[in-house]
Amino acid sequence: MEKEVIGEIAGGQELLVNRTGILLNPELGAELIQGAKETIPSSEGNGENMEMERAEYAQEGLPIGSYPSPVNGSETESPEESGFDGRMAVLLDKLGERLAFERQGTRLYEAFIQKIEAMPIEDTDAPGADDLRHICNEELEHFKLLQQAIVELGGDATVQTPSADVAGVLSHGALQIMSDPRTTIAQALQAALNAELADNDGWNMLQEVSEQLGHTDLAKQCAKAYEEEQEHLENVRTWLSNMILSEAVGQEAQTKTTAKRSNKSSRRGAKKKSGSNKRRKK
Ligand SMILES: [Fe+2]
Ligand SMILES: [Fe+2]
């Protein structure tokens, strides 16, 4: 289908017509609504039937997966003898969740690096490939840390735990956005921001669970990873917010907004400086 171009925007990019809105042509819009009303549904039933079907499946109570078992555990051993009780199963489930997330996180940033190298932009607010590589390497380190922790606790790091399954499905959208050749750097940052927000909460929770169950060393490792994740989040948030502000209000207005913001934050107290941004200024 031939694309309709109505002009040019800064940078020589074509301005295409977005025809997704119904208000672009009210007459055809009304015709469309009338057509939908007159169309006979292709299948029987309605929303109510769908709700009943869903409720029936939910009442069956089938789990999304089962908790992992110890690698060398004997079936005759009691939980006290093997040291593998329900609490350990929950910890291994959550470790498996973070493992799945960090694996996906590494792939997410690998795709981001590829995107930024393929379409370098002049925007100084955007991250550089080195900034992203730094985060990517830390995601991989976190993955290895979790792999080792699972093995040391007597688990199997290749097991797909129920929470890992859920995390895998959740993070799938971010990877799709990142690897889509049509998405911009700002849109890729939006996907990374969502991932980092979830990742931060995930590490915080894992640290708490490890502490509560008496795994002090693991809790310390989680605290360190959480600290690094906080830096990722801060950087991604800053890059995205600056890029959107630049695009929306222009560089001059953004400088004023940023100055206002930094005045506010300096009043709130000194905020931790972004290590990655510091590296770029060298
Ligand atoms: Fe991570
Ligand atoms: Fe991260």
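Analyst: Start with one term: two residues are in contact if their C-beta atoms, placed from the backbone, lie within 7 Å. Note also that this is a predicted model.

The helix to look at is H6, residues 162-179. It has 18 residues. At 1.5 Å a residue, H6 should span 26 Å, and its end C-alpha atoms are 26 Å apart, so the two values agree. H6 does have a kink, though. The kink is about 30° and is centred on Ser 171.

Which residues of H6 are buried? They are Ser 163, Ala 164, Ala 167, Ser 171, Ala 174 and Met 178.

Now follow H4 to another partner. Two packed helices are described by the angle between their axes and the distance between the axes. The axes of H4 and helix H5 (residues 129-152) come within 8 Å. They cross at roughly 160°. Angles over 145 degrees count as roughly antiparallel, so H4 is roughly antiparallel to H5. The crossing of H4 past H5 is left-handed.

Last, the whole chain. The protein chain holds 9 helices and 2 strands. Along the sequence, the pattern is β-β-α-α-α-α-α-α-α-α-α. Of its 282 residues, 24% count as buried. Among contacts with a separation of 6 or more, 72% come from residues 24 or more positions apart.

Key. Residues are numbered from 1 along each chain as its sequence is written. Chains are lettered from A and ligands numbered from 1 in the order in which they are written. This is a predicted model: local features need pLDDT of at least 70, side-chain atom pairs count only at pLDDT 80 or more; totals for chains, interfaces and linings use all residues. Helices (H or I, at least four residues) and strands (E, at least two) are DSSP runs, numbered from the N terminus. The expected span of a helix is 1.5 Å times one less than its number of residues. The bend at a residue is the angle between axes fitted to the seven residues ending there and the seven starting there. A residue is buried if 20 or more other C-beta atoms lie within 10 Å of its own, exposed if 12 or fewer, and partly exposed in between; C-beta atoms are placed from the backbone. Axes are lines fitted to C-alpha atoms, for helices over the stretch in contact, and angles run from 0 to 180 degrees between N-to-C directions. Angles under 35 degrees count as roughly parallel, over 145 as roughly antiparallel, 65 to 115 as roughly perpendicular and the rest as oblique. A crossing is left-handed if the near helix is turned anticlockwise from the far one by less than a right angle, and right-handed if clockwise.
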